[in-house]
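Q: I am new to this structure and would like to learn how to read it. Could we go through it together, beginning with the contacts?

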Amino acid sequence: MGPHPAVAAIRLAVRRTLQELLRPSPGADHPAAPPAPNGVPAPHPHHASPLPGPLPPEVVPDARSRAATSGVDVPAARDPHRDAPLVLAACSGGADSTALAAALAFEAPRLGLRAGAVTVDHGLQDGSAARAHEVAARLTALGLEPVDVATVEVGRGGGPEAAARTARYAALDAAADHHGAAAVLLGHTRDDQAETVLLGLARGSGTRSLAGMASRTAGAGADRAHGRYVRPFLTLDRETVRRACAELGLPVWEDPHNSDPAYTRSRVRSHALPALEQALGPGVTEALARTAQLARDDADALDAWAQQAERMATRPDGTLDIAALHALPPAVRRRVLRRAAIAAGAPAGSLFARHIEETDRLITAWRGQRPLNLPGRVEARRQGGRLVLEQAGRR
């Protein structure tokens, strides 16, 4: 008899993620080899995996058994996983991340990978240090190694939720860099995605905000360009993940901040989404998550167009040509303006839609306006058929 459907679901989600990490890049010279009968990707004879690790013990022929027929004496085989790539799970002790860690501990050895974990102590509640070490002990009991406890100091920039998130990701980046981890898995579920889309809709921040969380995103450490953070559970609902923990007998910790109405996401979770489900019927969460994927596809296409358009509109002196900008569709032009403002020094997190709209007016509704002051002391001004974005005081 197989595992409970919820347990099977979390393991399958993690297995697919790990197999994707092991898969050769699309630009490889040779196609990936077909999977072995047991589901483990077999190595191609002419192409190494991006995560070069040994095959699992069950598909690696034992050196001594081979030597028995050849008469050659060979040393005992070393641990086949010792030099395997490492994948970390970020685990708070809650149901989502605990299920993630358990599924990683189960699946990683079967794919020839090492599995570890990081738990972050934000220091925002009494007893948080002791709780973090309890979580670490549970993770170790699952067979994860290494298991780190990262203690952080949460600042105040951007509000408590944003400050905690910034500190947490900095700690995860540091742990991944220290251990040379190939990826860090995060336990965000489809419900988290729906909440993120709803928050983006309330902010009115455009298509990219509605795109929610990507299944894979870059970190800020040494592996920044390679999509360090991976979210295997974005297609699973929260109830499935919680049921898996119950079926596995895994103790979980409910963070009181998750139900604290002082936090915006908590209010969305406990009030806004249930009210939408009651008013519109079931399926709102799934619809919002589906909207995120559709919006992400559109946003990716528009961003690629904007990148090309920016190159075409940029003059030799680094300014932007007004006529070239005016000819662009508004969605593309505003992306170009945002990219240019960030390149000039405006912090991305402080650059809001209203800043881009006012900068756009220098192109589409020019009446001799004075220069605009953007975040990061960036000044935007129209000058002789050019749009100039630069640090204030450079003239």
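A: Gladly! Keep in mind that this is a predicted model. Of the contacts between residues at least 6 apart in sequence, 66% join residues at least 24 apart.

Q: How many helices and strands does the protein have?

A: There are 13 helices and ten strands. The protein has 395 residues, and 42% of them count as buried.

Q: At what angle do helices H3 and H8 pack?

A: A pair of helices can be read from the angle and the distance between their axes. Here H3 (residues 95–107) and H8 (residues 238–248) pack at about 60°, and their axes are 9 Å apart. That angle makes H3 oblique to H8, and their crossing is left-handed.

Q: Which residues make that contact?

A: H3 brings Ala95, Asp96, Thr98, Ala99 and Ala102, while H8 brings Arg238, Val241, Arg242, Cys245 and Leu248. Sorted by class, the contact of H3 with H8 has six nonpolar, three charged and one polar residue.

Q: Where is there a cis peptide bond?

A: Look at omega: it is about 5° for the cis bond that joins Glu145 and Pro146. Pro146 sits in the loop between helix H4 (128–141) and strand S3 (147–151).

Q: What is the phi of Arg377, and is Arg377 buried or exposed?

A: Phi of Arg377 is near 60°, a positive value in a residue other than glycine. Arg377 belongs to the loop between strand S8 (372–374) and strand S9 (378–383). Because exposed means over 50% relative accessible area, Arg377 counts as exposed at 56% relative accessibility.

How values were computed: Residues are numbered from 1 along each chain as its sequence is written. This is a predicted model: local features need pLDDT of at least 70, side-chain atom pairs count only at pLDDT 80 or more; totals for chains, interfaces and linings use all residues. Side-chain values use heavy atoms; hydrogens and water are left out. Axes are lines fitted to C-alpha atoms, for helices over the stretch in contact, and angles run from 0 to 180 degrees between N-to-C directions. Helices (H or I, at least four residues) and strands (E, at least two) are DSSP runs, numbered from the N terminus. Angles under 35 degrees count as roughly parallel, over 145 as roughly antiparallel, 65 to 115 as roughly perpendicular and the rest as oblique. A crossing is left-handed if the near helix is turned anticlockwise from the far one by less than a right angle, and right-handed if clockwise. Contact means heavy atoms within 4.5 Å. Ala, Val, Leu, Ile, Met, Phe, Trp, Tyr, Cys and Pro count as nonpolar, Asp, Glu, Lys and Arg as charged, and the others, Gly among them, as polar. Buried means under 20% relative accessible area, exposed over 50%, partly exposed in between (1.4 Å probe, protein chains only).
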